[in-house]
Amino acid sequence: WSTLVEPTNMFDFESEIYKVIPVNGASKKKFPLEDTIELFQTRIVLPHHDKAKVEYMLPRDCIHGDQFFLPVEQNLASTDYLYLPRSRDGKIAIPNAPVDRFLESIPALQSTADRLLSKPPKELSTACFGRVLNVHQGEVAHASSSQVDYVASMNATTCHIFALRSMSNKAEPLTSIAHIDRAGYECSIRSMFHEHRNHHDIGTESRKNNGYELEQINGSISRHVLELDLHIMGGFDDADGSSREITDFLFNLFPRIADELSSDIVVTLRTCAVSCMNDDGMNSPIGRGIAMNTVTGDIFLASIPSCDLNEVSGPAIDLRSARLWWDNKDALSIIHTSSSNGCIVIEPFRFEEFGDLKIFLQLPDEELLEYTSTSPQVESDNFCESVRSSLL
């Protein structure tokens with residue numbers, strides 16, 4: 001990947017303008033005096049922004065409210081693309097600074113977070129929203145507008161939810177959504193992108209045309225490129241950094257996928273509200289669930305009212321939750337595809353009762369939270385009830 005992009009101008013940490021930024025979302029500390037940090041152009045397109053020039057600055061200290069910036073004149077080759085810092089070991093990173101702080105400093109991305117998070121969640125009900133396909137933790141689903149009206153996923157604290165949507169003149173729009181609970185599932189995530197490529201029959205002939213799919217229209221040659229929208233939300237400023245671990249993983253993976261598929265697919269980051277961008281200032285997530293309209297592609301914060309929980313969040317809520325305890329977690333569980341005819345499928349998985357289960361289930365809520373959650377301080381009121389229900 002690194003050989004396909006050109007480095008731009010660099011951040012100089014020895015600059016007199018340099019101040020401090022937060023470390024681990026809490027204390028402030030100076031950068032070590034590294035030589036430079038390079039910005040590399042990815043193949044991920046930024047959403048349109050009202051500013052003509054995309055600004056790149058060192059992250060600000062949100063915790064203490066100080067406005068410490070290091071503006072840098074980048075003279076970027078193209079402000080249409082996302083540029084990310086890359087450390088000496090080849091990873092997307094700034095020394096001692098989390099990637100989400102850098103993403104937050106890009107106005108084009110921050111505006112997408114503001115747009116998503118500024119409105120209260122809509123309560124999903126079948127009466128108002130029709131056919132809703134809800135994806136649980138560790139699951140992924142693909143659907144077209146003829147199958148469902150909305151795809152959704154809920155109850156994310158440190159988890160990240162991301163959605164893909166693609167359109168072409170070859171097939172109806174395809175929407176995908178996944179609920180990522182750890183830094184992993186690379187093969188499953190890659191498969192999501194390829195599902196869109198295959199759905200629209202993009203790339204089938206491209207290998208015969210030097211990597212491009214071509215079609216003759218009115219005597220001229222036109223290249224088929226699939227436009228794929230990416231939306232991602234989740235995480236917050238949690239104390240142990242579980243959210244940022246997932247953010248860092250995804251923003252190391254997404255650019256590689258976008259580059260590998262760049263001959264056929266253009267990936268646009270339409271919504272980004274991750275980790276500190278999704279924090280309410282009191283170490284709690286603002287958005288915990290999102291939904292997408294499969295016809296329009298509109299995305300919004302969502303929740304499920306308790307009266308419709310079984311109908312909207314189901315079917316087989318306890319069974320799907322039980323899978324998280326024993327199933328092979330190297331892959332996301334695919335519960336629906338564009339050929340599923342509207343049926344949710346739960347593949348067989350291995351489940352064994354572990355020792356002292358009865359004692360475990362009788363623990364007070366406070367102790368059960370500590371054992372079963374990455375973010376016990378911010379879980380929903382029915383979290384422990386759900387855990388016990390899935391293990392009974």
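The model is predicted, so local features need pLDDT of at least 70 and side-chain atom pairs count only at pLDDT 80 or more, while totals for chains, interfaces and linings use all residues. Residues are numbered from 1 along each chain as its sequence is written, and side-chain values use heavy atoms, with hydrogens and water left out.

**Exercise 1.** Describe how helices H4 and H5 cross, and which residues make the contact.

Solution. Helices (H or I, at least four residues) and strands (E, at least two) are DSSP runs, numbered from the N terminus. Step 1: the axes of H4 (residues 186–199) and H5 (residues 242–260) come within 11 Å and cross at roughly 40°. Axes are lines fitted to C-alpha atoms, for helices over the stretch in contact, with angles from 0 to 180 degrees between N-to-C directions. Step 2: H4 is therefore oblique to H5, since angles under 35 degrees count as roughly parallel, over 145 as roughly antiparallel, 65 to 115 as roughly perpendicular and the rest as oblique. Step 3: H4 contributes Glu186, Ile189, Arg190 and Phe193 to the contact (heavy atoms within 4.5 Å). From H5 come Phe249, Leu250, Leu253, Phe254, Arg256, Ile257 and Glu260.

**Exercise 2.** Identify the residues with the most contacts inside the largest nonpolar core.

Solution. A nonpolar core is a set of buried Ala, Val, Leu, Ile, Met, Phe, Trp, Tyr and Cys residues joined through side-chain atoms within 4.5 Å. Buried means under 20% relative accessible area, exposed over 50%, partly exposed in between (1.4 Å probe, protein chains only). Step 1: the largest core has 64 residues, and Leu103, Phe162 and Ile189 have the most contacts inside it. Step 2: H5 supplies the largest share of this core, eight residues. Step 3: a second, separate core of 11 residues includes Ala152, Ala291, Phe300 and Ala302.

**Exercise 3.** Decide whether Thr247 is buried or exposed, and list its contacts.

Solution. Step 1: Thr247 lies in H5. Step 2: its relative accessibility is 1%, so Thr247 counts as buried. Step 3: not counting residues up to four places away in sequence, Thr247 touches Asp100, His160, Val274 and Ser275.
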